[in-house]
Amino acid sequence: MPRTRLKIRIVLVAALAGALVALTATVAGASRLTGTHLSGAGSTFVQPLVNKWISPVKSQLGTALTYNGVGSTGGVTAIDSRGVDMGMSDAPLSQFPGKCTNCVQMPWALAGTAVVYNLPSLPYLHISGPVLAQMFNCTITKWNAPAIKALNPGRTLPNTTIFPVHRTDGSGTTYNFTDFLSKVSSAWRNGPGTGTSVSWPSCGGNALGGSHSSGVSGVVKGQVGSIGYVDVYYAKSNSLQYMDVKNAAGKYIQPTLASFKAAGSSDTTPNSNGVISIVYPSASFPTAYPICTYTYVDVQKTGNGSQAPVIRKFLNWAIHTGQSYGPALLFQPLDPGVVTWDTNNAIPHIGS
Amino acid sequence: MSTAGHGALTRTKILKRQQAVSRAMEGVAWLAAFTAVAILVVVVWSVARRGASQLSFDFLTKPQIAYDPTQPQGLANAFVGTFVIVAIATAMALPFGILVAIYVNEFATRWIRNAIGLVLDLLQGVPAIVIGFFVFGLIVLPLHQQSALAASFALAVMMLPLVARTTIEVLKLVPSSLREASLGLGVPRWRTVVGVVLPQSVGGTLTGVTLAVARVAGETAPILFTSSLVANGTSWNPTHALMTVPLAIFELSDQPDLPSQQRAWAAAFVLLMFILFASLAARWLATRSKRKLGRAR
Amino acid sequence: MRLGDFVLQGVAGAAAFASLGLVALIVIEIVHRARPAYSAFGFSFVYRVIWDPVHDVYGAGSYLFGTVITSFGALLLAAPLAIGIGLFLSELAPKGILAPVTALVETLAAIPSVVIGLWGLIVLAPFLRDHVDPALHSVLGFIPLFGQAAVGPSLFTAIIVLTIMILPIIASISRELFLAVPSELKEGALGLGATRWQMVRGVSLSYSRSGIAAAMILGLGRALGEAIAVTQVIGGGTEILWNLFTPGDTLASKIAANYQGTSGLLETPALLYLATILLVFSLITSVLAQLIVRHAARQHGAQ
């Protein structure tokens, strides 16, 4: 009996040792998938475009691109910890102090944020920045408030409670939206301010949160009277109601490619850090949609090894050929000035 | 003044009321048990109904491909990741737990026995999210990278108290006569422990391990900080962050679109079935080992 | 001969002492990483109600509130239910259904938190919002706790979810406690003419008093530390609102909600500060439960 037991124990130990050996072999043999693979993570804002790029990048460049839409904050965390080759964020790195301090940042796509809401049979309501700020600041609490009625003469607004919906995850879309609110409302600027994650007033419990664009869209769809913000492509492809937003010239603008282009023309040169702000362009751009943003890609300057040329080749493709895939997804192709800046000042700095 | 008859009537009335109260409380207890069973049935039924219909060969073998909704989607990457992480965690926790149990049962003084017992209880009480954060600070931050290995370490820390405790219990059950006989025959202490006592406890340890696996396979919190920023595609590489089934459910549960929710239910169904199966296996092992040890006496 | 013994004792001893050090290591690591937040905010962090990554100011106030309300609320609901189940399984269950029901109660404990959270979010929350919350509001609305109900994810939903999760622990410990009551005491009471309930109340419950207290504290500890299921159903609220039907947040849930990263410079240390508070709670509840059990064992030993 004891001998058989001993044999069993020997077999078990041997199996365990074998498994450990196999494991070590896997670990030693498998390195980070390189050469024909590129990994990116971050913004859900740019995700539809990046996803669209995966097939052509594979066939034209021979590179397998993988992308994980964890949100802008997640993307910056990922590239900071070198868990991916590229981080995508709609918010500039200045919003993430201490992260990705030795990175290249460049704008590589342009689109807008839609203000979505849920009021059946009341499409395309008009809204202005200051009123929007008051809604999210809890100073306007009902849809038939005088301020909202004034922007929408001739429409019957119901006595429904306003439920402001925000992103609970760290989001570049939040950054874009709060950037806009800060520009049009001093109360907002001095209060919650601009950021990927802000201290949203809770409106006595009426303020709701959703994770990622899909979460916000789900909350808005499920709660009559709610108002939120998601990227425009998401709003349109999920049939969400969205508003016409008043710009600096006093016009109510729908989020369309033309209005994005107009906003983009307000500034076509990134600053030395690669950042451009096109939120709430001045009145000289009467057809501009006021809540537009560039979205950025962040890459470590050093330590990329053999991935460096692959990254550079991909980014070059993205800002040239890649842009043609944009319009169908409501991304306005980059202005030549931006493309030039990226080519000269950003991509060359991506080293091994 | 009460006559005997009047007193008897009052006594009967009081008795009747007391009986009624007793029966009512019995009813309450029945109701409580019924509520617990009802909750379980409702939850399992919800998961089964919404999840089982989504199961398909594709679901089990294809990874999650975010970029092409037209392609069949699955959660193969999550199943692989969970397997790798739990396997490595078991490989870490099992020898450690057995060694701790051996020390407690064979070598330790009473003071140390109590101290380790207390520590194991404290460890079991630490919330999973804190353990995840602990491993994040210990391993992920210094290395600047998440990995399945870090997640395994977190799970191993959670498995340790369970494995150690069960092994201690089962070692205690091994009759001292066995030890004395072996030592009396001149077998050295260490061989007695390893060759005579330990084999008797294999069944109990296996039970402990199975229970621990059932427990940690479904844990999400320790994974959040150690293996959540994962690349798409199925990978077996433990030095990378790998997707896991609980995390997949967690992330999918936030999505309001129907396909994502359906995948969440399907994954929940698979996870639940695995855990129920593992719990049943543990129970069977426990009965078997108890019977064996009973015979050895 | 001696070498083998020495090696085994050494290796096993190393493992044992490593496990002793593990808890200490956890405390040290968490506290160390939280230090920047502690230096910046001091003790006032614990009660301040703010979480502002833009201005880099944080406070645990609203999360502490949420943790206390949801955990104690869940205990309030789960304890009587669990004790009832324990009584049922030890005294009342007919032979045929004793084993299956015991197994079923233990199975409830095995369901992973993320599955309960998924069910809670998609099935329970809408049900509570549409049927239970309004009913409670109309009956108990004069109490601010049961105010207007509008949304599914809320403190109340979290309380129900936590109740379901801590029910099995308290129930199975209660069951063992009642089974351990010496039968002479029980039969003695019955022999004196006590009804079943009088026997339970006078003998079983009072004999197991401390054990049940310990079980409840363990259940409380479990509820305090639950992150996943809570964060899925609690709605991520940021202020202290006394209406149970509004979104809220707890310490564990806030930590889980930020797993993808933080933007403020002090935000991660602030989250670790939350984890420190949580760790302190869990250690206190574990030690308290242990002390009660030991005290009770001594008492019963002396009897």
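1. Basis. Residues are numbered from 1 along each chain as its sequence is written, and chains are lettered from A and ligands numbered from 1 in the order in which they are written. The model is predicted, and local features need pLDDT of at least 70, side-chain atom pairs count only at pLDDT 80 or more, and totals for chains, interfaces and linings use all residues.

2. Chain C overall. The chain has 11 helices and 2 strands, taken as DSSP runs numbered from the N terminus (helices H or I, at least four residues; strands E, at least two). In sequence order the pattern of chain C is α-β-β-α-α-α-α-α-α-α-α-α-α. The C-alpha trace of chain C spans about 75 × 70 × 30 Å along its principal axes.

3. Helices α4 and α5 of chain C. The axes of α4(C), residues 113-140, and α5(C), residues 155-179, come within 9 Å and cross at roughly 130°. Axes here are lines fitted to C-alpha atoms, for helices over the stretch in contact, and angles run from 0 to 180 degrees between N-to-C directions. α4(C) and α5(C) are therefore oblique to each other; angles under 35 degrees count as roughly parallel, over 145 as roughly antiparallel, 65 to 115 as roughly perpendicular and the rest as oblique. The crossing of α4(C) past α5(C) is right-handed, a term used if the near helix is turned clockwise from the far one by less than a right angle, with anticlockwise being left-handed. Residues in this contact include C:Gly117, C:Gly120 and C:Leu124 of α4(C) and C:Ile160, C:Val161 and C:Ile164 of α5(C), where contact means C-beta atoms, placed from the backbone, within 7 Å. By class the contact of α4(C) with α5(C) has 9 nonpolar, 4 polar and 1 charged residues. Ala, Val, Leu, Ile, Met, Phe, Trp, Tyr, Cys and Pro count as nonpolar, Asp, Glu, Lys and Arg as charged, and the others, Gly among them, as polar.

4. Helices α2 and α8 of chain C. α2(C), residues 61-92, packs on α8(C), residues 209-225, at about 140° with the axes 9 Å apart. That angle makes α2(C) oblique to α8(C), and their crossing is right-handed. Among the residues that meet are C:Ala74, C:Leu75 and C:Ala78 of α2(C) and C:Met216, C:Gly219 and C:Leu220 of α8(C). The contact of α2(C) with α8(C) has 10 nonpolar, 4 polar and no charged residues.

5. Sheet in chain A. An open sheet of 3 strands has the order β5-β10-β11 with mixed pairing; strands pair if DSSP finds at least two bridges between them. β5 (126-127) and β11 (252-253) of chain A are the edge strands with a single partner each, so one side of each is left without a neighbour in the sheet. β10(A), residues 244-246, pairs with β11(A) in the antiparallel sense over 2 bridges. A:Ile253 in β11(A) is the bridge partner of A:Val245.

6. Domains of chain B. The assignment gives domain 1 (3-54) and domain 2 (57-296), with bounds from an automatic or database domain assignment. The C-alpha centres of the two domains of chain B lie 38 Å apart. In chain B, 7 residues of domain 1 are in contact with 8 residues of domain 2. The domain 1 side has 4 nonpolar, 2 polar and 1 charged residues.

7. Chains B and C. 71 residues of chain B are in contact with 68 residues of chain C. Helix α1 (residues 4-52) of chain B gives the most to the chain B side, with 19 residues. That side of chain B divides into 53 nonpolar, 13 polar and 5 charged residues.

Methods
Two residues are in contact if their C-beta atoms, placed from the backbone, lie within 7 Å.
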